[in-house]
Amino acid sequence: MPDFATRLLAWFDRHGRHDLPWQHPRDAYRVWLSEVMLQQTQVGTVIPYFQRFIGALPTLRDLAAADEDTVLALWSGLGYYRRARFLHRAAQLCVEQHGGELPRDFDALAALPGIGRSTAGAILAQAHGLRFAILDGNVKRVLTRHLGIHGHPGQSAVEKELWRHAQAYTPAARVADYTQAIMDLGATVCVRSKPKCEDCPVAADCVAKRDQLTAQLPSAKPGKAVPTRSTVMLLLRDERRRVLLERRGPQGVWAGLWSLPEAEGTEEAWRKAQQLARIDDAQALAPFVHVFSHYRLQVEPLLFDGATAHRAIADNPALRWCDTGDLAALGLPAPVRTLLQSL
(Lines give C-alpha, C1' and ligand atoms only; values in the text may rest on other atoms or scores of the structure.)
Protein backbone atom coordinates (compact mmCIF):
# COMPACT_ATOMS: atom_id res chain seq x y z
CA MET A 1 0.00 0.00 0.00
CA PRO A 2 1.37 3.48 -0.86
CA ASP A 3 2.46 5.51 2.12
CA PHE A 4 0.24 8.06 3.84
CA ALA A 5 1.69 11.13 2.11
CA THR A 6 1.57 9.59 -1.37
CA ARG A 7 -2.11 8.74 -1.05
CA LEU A 8 -2.93 12.10 0.48
CA LEU A 9 -1.15 14.05 -2.25
CA ALA A 10 -2.87 12.06 -5.00
CA TRP A 11 -6.22 12.93 -3.37
CA PHE A 12 -5.20 16.57 -3.02
CA ASP A 13 -4.38 16.86 -6.73
CA ARG A 14 -7.96 15.86 -7.56
CA HIS A 15 -10.00 17.14 -4.63
CA GLY A 16 -7.94 19.63 -2.62
CA ARG A 17 -8.46 23.37 -2.40
CA HIS A 18 -6.27 25.14 -4.95
CA ASP A 19 -7.98 28.52 -5.22
CA LEU A 20 -7.75 29.98 -1.72
CA PRO A 21 -6.77 33.66 -1.83
CA TRP A 22 -3.62 33.21 0.27
CA GLN A 23 -2.32 30.64 -2.23
CA HIS A 24 -1.93 33.20 -5.02
CA PRO A 25 0.75 34.25 -4.37
CA ARG A 26 1.73 31.92 -1.55
CA ASP A 27 4.25 34.22 0.11
CA ALA A 28 5.20 34.20 3.78
CA TYR A 29 3.14 37.25 4.77
CA ARG A 30 -0.07 35.95 3.18
CA VAL A 31 0.44 32.43 4.58
CA TRP A 32 1.09 33.85 8.04
CA LEU A 33 -1.98 36.08 7.96
CA SER A 34 -4.19 33.20 6.80
CA GLU A 35 -2.81 30.81 9.41
CA VAL A 36 -3.49 33.26 12.23
CA MET A 37 -6.99 34.02 10.95
CA LEU A 38 -7.76 30.30 10.59
CA GLN A 39 -7.05 29.62 14.26
CA GLN A 40 -10.49 28.92 15.78
CA THR A 41 -12.18 30.07 12.54
CA GLN A 42 -13.38 28.25 9.40
CA VAL A 43 -12.13 28.96 5.89
CA GLY A 44 -15.49 30.24 4.62
CA THR A 45 -15.58 32.84 7.38
CA VAL A 46 -11.95 33.85 6.97
CA ILE A 47 -11.86 34.49 3.19
CA PRO A 48 -13.68 37.88 3.15
CA TYR A 49 -11.74 39.07 6.21
CA PHE A 50 -8.46 38.02 4.60
CA GLN A 51 -9.30 39.83 1.37
CA ARG A 52 -10.30 42.98 3.22
CA PHE A 53 -7.19 42.87 5.43
CA ILE A 54 -4.74 42.21 2.60
CA GLY A 55 -6.41 44.91 0.50
CA ALA A 56 -5.83 47.49 3.23
CA LEU A 57 -2.42 46.23 4.43
CA PRO A 58 -0.87 44.33 1.50
CA THR A 59 2.62 43.93 2.98
CA LEU A 60 4.20 43.18 6.32
CA ARG A 61 5.63 46.70 6.44
CA ASP A 62 2.15 48.14 5.88
CA LEU A 63 0.89 46.11 8.83
CA ALA A 64 3.79 47.21 11.02
CA ALA A 65 3.19 50.88 10.17
CA ALA A 66 -0.58 50.77 10.78
CA ASP A 67 -2.04 52.02 14.04
CA GLU A 68 -3.74 49.57 16.36
CA ASP A 69 -7.25 50.92 15.72
CA THR A 70 -6.85 50.23 12.00
CA VAL A 71 -5.68 46.66 12.63
CA LEU A 72 -8.47 45.93 15.13
CA ALA A 73 -11.09 47.47 12.83
CA LEU A 74 -9.99 45.17 10.00
CA TRP A 75 -10.10 42.24 12.43
CA SER A 76 -13.43 43.20 13.99
CA GLY A 77 -15.85 40.28 13.82
CA LEU A 78 -13.24 37.51 13.71
CA GLY A 79 -12.99 37.36 17.51
CA TYR A 80 -10.03 36.26 19.64
CA TYR A 81 -8.59 39.77 19.26
CA ARG A 82 -5.32 38.85 20.91
CA ARG A 83 -4.45 37.25 17.56
CA ALA A 84 -4.65 40.66 15.86
CA ARG A 85 -2.54 42.38 18.49
CA PHE A 86 0.10 39.64 18.30
CA LEU A 87 0.07 39.89 14.50
CA HIS A 88 0.62 43.64 14.70
CA ARG A 89 3.43 43.37 17.25
CA ALA A 90 5.15 40.55 15.36
CA ALA A 91 5.14 42.67 12.18
CA GLN A 92 6.75 45.54 14.08
CA LEU A 93 9.42 43.18 15.46
CA CYS A 94 10.13 41.89 11.94
CA VAL A 95 10.77 45.46 10.80
CA GLU A 96 12.94 46.18 13.84
CA GLN A 97 14.91 42.93 13.89
CA HIS A 98 14.53 41.02 10.61
CA GLY A 99 14.74 43.57 7.80
CA GLY A 100 10.99 43.81 7.34
CA GLU A 101 10.56 40.11 6.51
CA LEU A 102 9.40 37.05 8.42
CA PRO A 103 12.57 35.13 9.31
CA ARG A 104 13.25 31.79 7.60
CA ASP A 105 14.95 30.45 10.73
CA PHE A 106 12.45 28.26 12.60
CA ASP A 107 13.45 29.31 16.12
CA ALA A 108 13.38 33.02 15.28
CA LEU A 109 10.02 32.66 13.57
CA ALA A 110 8.44 30.60 16.35
CA ALA A 111 9.61 33.15 18.91
CA LEU A 112 7.51 35.95 17.41
CA PRO A 113 4.27 36.82 19.26
CA GLY A 114 1.35 34.56 18.38
CA ILE A 115 3.22 32.24 16.03
CA GLY A 116 4.48 29.17 17.89
CA ARG A 117 5.50 25.78 16.57
CA SER A 118 2.65 24.81 14.23
CA THR A 119 2.18 28.23 12.64
CA ALA A 120 5.94 28.57 12.11
CA GLY A 121 5.98 25.17 10.45
CA ALA A 122 3.07 26.11 8.19
CA ILE A 123 4.78 29.34 7.08
CA LEU A 124 8.10 27.66 6.31
CA ALA A 125 6.46 24.67 4.60
CA GLN A 126 3.96 26.57 2.49
CA ALA A 127 5.92 29.71 1.64
CA HIS A 128 9.38 28.17 1.27
CA GLY A 129 8.83 24.42 0.78
CA LEU A 130 10.91 23.55 3.84
CA ARG A 131 10.24 20.25 5.60
CA PHE A 132 8.42 21.25 8.78
CA ALA A 133 5.39 19.53 10.24
CA ILE A 134 2.19 21.25 11.37
CA LEU A 135 -0.32 20.25 14.01
CA ASP A 136 -3.45 22.39 13.90
CA GLY A 137 -6.90 21.16 14.93
CA ASN A 138 -7.63 19.51 11.58
CA VAL A 139 -4.32 17.66 11.54
CA LYS A 140 -4.80 16.48 15.12
CA ARG A 141 -8.18 15.03 14.18
CA VAL A 142 -6.85 13.22 11.09
CA LEU A 143 -3.86 11.70 12.90
CA THR A 144 -5.80 10.83 16.03
CA ARG A 145 -8.31 8.83 14.02
CA HIS A 146 -5.90 7.31 11.54
CA LEU A 147 -3.57 6.06 14.29
CA GLY A 148 -6.24 5.33 16.91
CA ILE A 149 -4.72 7.63 19.53
CA HIS A 150 -6.85 8.01 22.67
CA GLY A 151 -6.72 10.92 25.10
CA HIS A 152 -7.54 14.58 24.58
CA PRO A 153 -5.16 16.06 21.95
CA GLY A 154 -4.54 19.05 24.18
CA GLN A 155 -2.92 16.91 26.87
CA SER A 156 0.86 17.15 26.87
CA ALA A 157 1.63 13.45 26.39
CA VAL A 158 -0.94 13.05 23.60
CA GLU A 159 0.24 16.18 21.80
CA LYS A 160 3.86 15.02 22.03
CA GLU A 161 2.91 11.71 20.39
CA LEU A 162 0.95 13.52 17.66
CA TRP A 163 3.93 15.74 16.89
CA ARG A 164 6.12 12.67 16.49
CA HIS A 165 3.72 11.18 13.94
CA ALA A 166 3.16 14.52 12.19
CA GLN A 167 6.90 14.82 11.60
CA ALA A 168 7.20 11.21 10.43
CA TYR A 169 4.33 11.58 7.93
CA THR A 170 5.59 14.86 6.40
CA PRO A 171 7.33 14.03 3.10
CA ALA A 172 10.61 15.49 1.84
CA ALA A 173 9.04 16.65 -1.45
CA ARG A 174 5.90 18.71 -2.14
CA VAL A 175 5.82 19.84 1.48
CA ALA A 176 3.64 22.88 0.75
CA ASP A 177 1.03 20.74 -1.01
CA TYR A 178 1.15 18.07 1.69
CA THR A 179 0.59 20.65 4.41
CA GLN A 180 -2.43 22.05 2.57
CA ALA A 181 -3.65 18.53 1.79
CA ILE A 182 -3.78 17.29 5.38
CA MET A 183 -5.53 20.49 6.49
CA ASP A 184 -8.03 20.09 3.63
CA LEU A 185 -8.66 16.46 4.51
CA GLY A 186 -9.53 17.41 8.09
CA ALA A 187 -11.68 20.35 7.01
CA THR A 188 -13.69 18.63 4.26
CA VAL A 189 -13.59 14.83 4.78
CA CYS A 190 -12.37 13.89 8.27
CA VAL A 191 -14.76 16.36 9.87
CA ARG A 192 -15.81 16.31 13.52
CA SER A 193 -19.32 14.95 13.03
CA LYS A 194 -20.14 12.28 10.46
CA PRO A 195 -16.78 12.05 8.68
CA LYS A 196 -16.96 11.05 5.00
CA CYS A 197 -14.83 7.93 5.33
CA GLU A 198 -15.92 6.69 1.90
CA ASP A 199 -14.12 9.69 0.35
CA CYS A 200 -10.95 9.42 2.45
CA PRO A 201 -7.73 8.42 0.65
CA VAL A 202 -6.22 6.91 3.82
CA ALA A 203 -9.31 5.10 5.12
CA ALA A 204 -7.94 1.65 4.24
CA ASP A 205 -5.64 1.60 7.28
CA CYS A 206 -7.51 4.04 9.53
CA VAL A 207 -7.84 2.60 13.03
CA ALA A 208 -10.91 4.68 13.91
CA LYS A 209 -12.76 3.48 10.80
CA ARG A 210 -11.70 -0.12 11.36
CA ASP A 211 -12.79 -0.11 15.00
CA GLN A 212 -15.82 2.17 14.52
CA LEU A 213 -14.33 4.87 16.75
CA THR A 214 -14.81 7.94 14.57
CA ALA A 215 -17.43 9.28 16.98
CA GLN A 216 -15.12 8.77 19.98
CA LEU A 217 -11.88 10.11 18.47
CA PRO A 218 -10.44 12.60 19.07
CA SER A 219 -11.24 12.13 22.73
CA ALA A 220 -13.30 14.95 24.20
CA LYS A 221 -11.79 17.45 26.55
CA PRO A 222 -12.72 16.64 30.16
CA GLY A 223 -15.98 18.46 30.83
CA LYS A 224 -16.19 21.63 32.85
CA ALA A 225 -19.25 23.76 33.54
CA VAL A 226 -19.33 27.00 31.55
CA PRO A 227 -20.17 29.91 33.88
CA THR A 228 -22.50 32.77 32.97
CA ARG A 229 -21.63 36.38 33.75
CA SER A 230 -23.88 39.42 33.44
CA THR A 231 -23.25 43.01 32.44
CA VAL A 232 -25.20 46.13 31.58
CA MET A 233 -23.99 48.00 28.48
CA LEU A 234 -24.64 51.74 28.45
CA LEU A 235 -25.70 53.27 25.15
CA LEU A 236 -25.32 56.99 25.75
CA ARG A 237 -26.54 58.78 22.61
CA ASP A 238 -26.48 62.55 22.25
CA GLU A 239 -28.72 64.90 20.27
CA ARG A 240 -26.48 64.40 17.20
CA ARG A 241 -27.08 60.64 17.39
CA ARG A 242 -23.48 60.00 18.39
CA VAL A 243 -22.77 57.13 20.80
CA LEU A 244 -20.24 57.29 23.62
CA LEU A 245 -17.54 54.62 23.34
CA GLU A 246 -14.95 53.60 25.88
CA ARG A 247 -11.63 51.95 25.09
CA ARG A 248 -11.17 48.81 27.15
CA GLY A 249 -8.02 48.26 29.17
CA PRO A 250 -4.98 46.26 28.03
CA GLN A 251 -6.01 43.07 29.85
CA GLY A 252 -9.01 40.75 29.72
CA VAL A 253 -11.69 40.13 27.12
CA TRP A 254 -11.77 42.56 24.16
CA ALA A 255 -8.58 44.22 25.46
CA GLY A 256 -7.79 47.44 23.66
CA LEU A 257 -11.04 47.52 21.66
CA TRP A 258 -13.54 50.35 21.68
CA SER A 259 -16.75 49.20 23.33
CA LEU A 260 -19.68 50.53 25.35
CA PRO A 261 -19.29 51.53 28.99
CA GLU A 262 -20.40 48.72 31.28
CA ALA A 263 -21.82 48.30 34.76
CA GLU A 264 -22.64 45.33 36.96
CA GLY A 265 -26.30 46.22 37.42
CA THR A 266 -28.97 48.77 36.58
CA GLU A 267 -28.32 50.91 39.64
CA GLU A 268 -24.61 51.14 38.93
CA ALA A 269 -25.41 51.78 35.25
CA TRP A 270 -27.44 54.87 36.19
CA ARG A 271 -24.64 56.17 38.44
CA LYS A 272 -22.05 55.65 35.73
CA ALA A 273 -24.24 57.24 33.07
CA GLN A 274 -24.70 60.33 35.27
CA GLN A 275 -20.94 60.59 35.69
CA LEU A 276 -20.45 60.53 31.93
CA ALA A 277 -23.31 62.76 30.75
CA ARG A 278 -26.45 64.62 31.72
CA ILE A 279 -29.33 62.24 31.17
CA ASP A 280 -33.11 62.24 31.59
CA ASP A 281 -34.43 58.75 30.98
CA ALA A 282 -33.40 55.28 29.84
CA GLN A 283 -34.88 52.54 27.70
CA ALA A 284 -34.11 48.87 28.28
CA LEU A 285 -33.33 47.11 24.99
CA ALA A 286 -33.63 43.40 24.29
CA PRO A 287 -31.02 41.41 26.28
CA PHE A 288 -28.78 38.92 24.50
CA VAL A 289 -26.12 36.31 25.26
CA HIS A 290 -22.63 36.28 23.76
CA VAL A 291 -20.71 33.00 24.10
CA PHE A 292 -16.97 32.98 24.66
CA SER A 293 -14.83 29.85 24.77
CA HIS A 294 -14.74 29.87 28.58
CA TYR A 295 -17.97 31.61 29.66
CA ARG A 296 -21.31 33.03 28.54
CA LEU A 297 -21.95 36.76 28.82
CA GLN A 298 -25.53 37.89 29.49
CA VAL A 299 -25.82 41.46 28.20
CA GLU A 300 -28.56 43.93 29.12
CA PRO A 301 -28.33 47.06 26.92
CA LEU A 302 -29.64 50.30 28.42
CA LEU A 303 -30.21 53.21 26.03
CA PHE A 304 -29.87 56.77 27.33
CA ASP A 305 -31.11 58.95 24.46
CA GLY A 306 -30.54 62.68 24.25
CA ALA A 307 -27.54 62.62 26.58
CA THR A 308 -25.44 65.76 26.97
CA ALA A 309 -21.72 65.20 27.39
CA HIS A 310 -19.84 66.40 30.44
CA ARG A 311 -16.85 68.53 29.53
CA ALA A 312 -14.47 66.07 31.19
CA ILE A 313 -15.04 63.50 28.43
CA ALA A 314 -13.08 65.62 25.97
CA ASP A 315 -10.03 65.33 28.22
CA ASN A 316 -10.22 61.54 28.54
CA PRO A 317 -8.48 59.67 25.65
CA ALA A 318 -10.32 56.47 26.60
CA LEU A 319 -13.72 58.04 25.87
CA ARG A 320 -15.04 59.39 22.58
CA TRP A 321 -18.35 60.29 20.92
CA CYS A 322 -18.74 58.49 17.59
CA ASP A 323 -21.26 58.82 14.81
CA THR A 324 -22.14 55.99 12.44
CA GLY A 325 -19.40 56.93 10.00
CA ASP A 326 -16.70 56.60 12.67
CA LEU A 327 -17.55 53.03 13.63
CA ALA A 328 -16.16 51.31 10.52
CA ALA A 329 -12.66 52.58 11.30
CA LEU A 330 -12.64 51.30 14.89
CA GLY A 331 -12.00 47.89 16.38
CA LEU A 332 -15.30 46.97 18.01
CA PRO A 333 -16.35 43.63 19.55
CA ALA A 334 -18.71 41.88 17.13
CA PRO A 335 -21.75 41.90 19.49
CA VAL A 336 -21.25 45.61 20.20
CA ARG A 337 -21.05 46.42 16.50
CA THR A 338 -24.21 44.39 15.90
CA LEU A 339 -25.99 46.16 18.75
CA LEU A 340 -25.03 49.60 17.42
CA GLN A 341 -26.11 48.66 13.91
CA SER A 342 -29.48 47.55 15.25
CA LEU A 343 -30.16 51.11 16.43
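The following questions and answers walk through a predicted model of one protein.

Modeller: Residues are numbered from 1 along each chain as its sequence is written. Because the model is predicted, local features need pLDDT of at least 70 and side-chain atom pairs count only at pLDDT 80 or more, while totals for chains, interfaces and linings use all residues, and side-chain values use heavy atoms, with hydrogens and water left out.

Colleague: How many helices and strands are there in the protein?
Modeller: Helices (H or I, at least four residues) and strands (E, at least two) are DSSP runs, numbered from the N terminus. The C-alpha trace spans about 75 × 45 × 35 Å along its principal axes, and the protein holds 15 helices and nine strands.

Colleague: What percentage of the 343 residues count as buried?
Modeller: Buried means under 20% relative accessible area, exposed over 50%, and partly exposed in between, with a 1.4 Å probe and protein chains only. By that rule, of the 343 residues of the protein, the buried share is 48%.

Colleague: Which residues touch the most other members of the largest nonpolar core?
Modeller: A nonpolar core is a set of buried Ala, Val, Leu, Ile, Met, Phe, Trp, Tyr and Cys residues joined through side-chain atoms within 4.5 Å. The largest such core has 59 residues, and the members that touch the most others are W32, F53, W75 and L245.

Colleague: Which helix gives the largest share of this core?
Modeller: In soluble globular proteins, nonpolar side chains tend to be buried together. In the core of 59 residues, whose members include W32 and F53, the largest share is seven residues, and they come from helix 2 (residues 28-38).

Colleague: Which helices are named as covering the buried residues of helix 8?
Modeller: Helix 8 (residues 116-128) has 13 residues and reaches 17 Å from its first C-alpha to its last, close to the 18 Å expected at 1.5 Å a residue, where the expected span is 1.5 Å times one less than the number of residues. Its buried residues include S118, G121 and L124. What covers the buried residues includes helix 2, helix 7 (106-110), helix 10 (156-169) and helix 11 (175-188).

Colleague: What does the side chain of R141 lie 2.7 Å from?
Modeller: R141 sits in helix 9 (residues 137-147), and R141 is buried yet has no salt bridge, the nearest side chain of opposite charge, D136, being 7.6 Å away. A salt bridge is a side-chain nitrogen of Lys or Arg within 4 Å of a carboxyl oxygen of Asp or Glu, and Lys and Arg count as positive and Asp and Glu as negative, with His and the chain ends not counted. Instead, a polar atom of the R141 side chain lies 2.7 Å from the backbone oxygen of C190.

Colleague: Why does T170 count as buried?
Modeller: T170 is placed in the loop between helix 10 and helix 11. Leaving aside neighbours within four places in sequence, T170 is in contact (heavy atoms within 4.5 Å) with R131, F132, A133, V175 and Y178. T170 counts as buried because its relative accessibility is 5%.

Colleague: How far apart in space are E262 and D205, C-alpha to C-alpha?
Modeller: E262 lies in strand 4 (residues 262-263), and among its contacts, neighbours within four places in sequence left aside, are T231, W254 and K272. E262 and D205 are 57 residues apart in sequence, and their C-alpha atoms are separated in space by 55 Å.

Technical notes:
Polar contact = N/O pair within 3.5 Å; in protein donor to acceptor, adjacent residues only side chain to side chain.
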